[in-house]
Amino acid sequence: MIKIDKNSELDPKCLNGKQNSFAITNRGELIPCCWLDTGVNRGDLDYMALVLASNINDYDSIDEILLQPEWIEFKENLKKNKGFDICHIVCKKRDTPQHKREMWIDEDGNVKYSKET
């Protein structure tokens, strides 16, 4: 079991430009990142408040969702180092960079990999 330090300083990728986009669940909910889409989080009342205010069919744009009070509160909490458990695992501020490698399929159907960062 992973020990979660809820007092850790956060460096949220969804706010610092290190993440290219948000995620959309298979239920049509906008979420800050794919790491949050777990059954564990669906039991968290704060997470459920965020996703209930995030159904893409209920809004005209992503920007409109991001202006909802639940999203504003989520972003403000991250700035105060308050986040969901997974935020304290994935976005914990580190002295050494976390490694990342992406994989995608190009327009010709070839699998491509990024360099580790």
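The following dialogue goes through a predicted model and the criteria behind its descriptions.

Student: What kind of model is this, and how are residues numbered?

Tutor: It is a predicted model, in which local features need pLDDT of at least 70 and side-chain atom pairs count only at pLDDT 80 or more, while totals for chains, interfaces and linings use all residues. Residues are numbered from 1 along each chain as its sequence is written, and side-chain values use heavy atoms, with hydrogens and water left out.

Student: What makes up the secondary structure of the protein chain?

Tutor: The protein chain has five helices and four strands, in the order α-β-β-α-α-α-α-β-β along the sequence. Helices are DSSP runs of H or I with at least four residues, strands are runs of E with at least two, and both are numbered from the N terminus.

Student: Why is Asn-41 called buried?

Tutor: Buried means under 20% relative accessible area, exposed means over 50%, and partly exposed is in between (1.4 Å probe, protein chains only). Asn-41 has 7% relative accessibility, so Asn-41 counts as buried. Asn-41 sits in the loop between β2 (30–31) and α2 (45–52). Not counting residues up to four places away in sequence, Asn-41 touches Trp-35, Leu-36, Tyr-47, Phe-84 and Ile-86, where contact means heavy atoms within 4.5 Å. Across the protein chain, buried residues make up 29% of the 117 residues.

Student: How do you know that the buried residues of α2 line one face of the helix?

Tutor: The buried residues of α2 are Tyr-47, Met-48, Leu-50 and Val-51. Seen down the axis of α2, they fall within an arc of 155°, so they line one face; the arc is that of the directions from the helix axis to the C-beta atoms. An α-helix has 3.6 residues a turn, so residues three or four places apart point the same way. The face of α2 turned away from the buried side carries the exposed residues Leu-45, Asp-46 and Leu-52. The cover over the buried residues of α2 includes β2 and α4 (69–79).

Student: What makes the link between the side chains of Ser-8 and His-88 a polar contact?

Tutor: A polar contact is a pair of N or O atoms within 3.5 Å; within protein, one must be able to donate a hydrogen and the other to accept it, and residues adjacent in sequence count only if both atoms are side-chain atoms. The side chains of Ser-8 and His-88 make such a contact at 2.8 Å. The side chain of Ser-8 also reaches the backbone oxygen of Asp-5 at 2.8 Å. Ser-8 lies in the segment before α1 (13–16) and counts as buried at 5% relative accessibility. At the start of α2, a side-chain oxygen of Asp-44 comes within 2.8 Å of the backbone nitrogen of Asp-46.

Student: Which residues does Ser-8 touch, leaving aside its neighbours within four places in sequence?

Tutor: Ser-8 is in contact with Asn-81, His-88 and Lys-92. Asn-81 lies in the loop between α4 and α5 (85–90) and has a positive phi, near 65°. Most residues other than glycine have a negative phi. Asn-81 has a relative accessible area of 26%, so Asn-81 is partly exposed.

Student: Why is the pair Asp-37 and Arg-27 called a salt bridge?

Tutor: A salt bridge is a side-chain nitrogen of Lys or Arg within 4 Å of a carboxyl oxygen of Asp or Glu, so the closest N and O atoms of Asp-37 and Arg-27, 2.6 Å apart, meet the criterion. Glu-29 is buried at 9% relative accessibility, whereas Arg-27 is partly exposed at 35%. Arg-27, Glu-29, Asp-37 and Arg-42 are linked in a network of salt bridges. The whole structure has seven salt bridges.

Student: What places Lys-79 and Glu-76 about one turn of the helix apart?

Tutor: Both residues lie in helix α4, three residues apart. The side chains of Lys-79 and Glu-76 meet in a salt bridge at 3.4 Å, N to O. Lys-79 is exposed, with a relative accessible area of 57%, and Glu-76 is partly exposed, with 36%.
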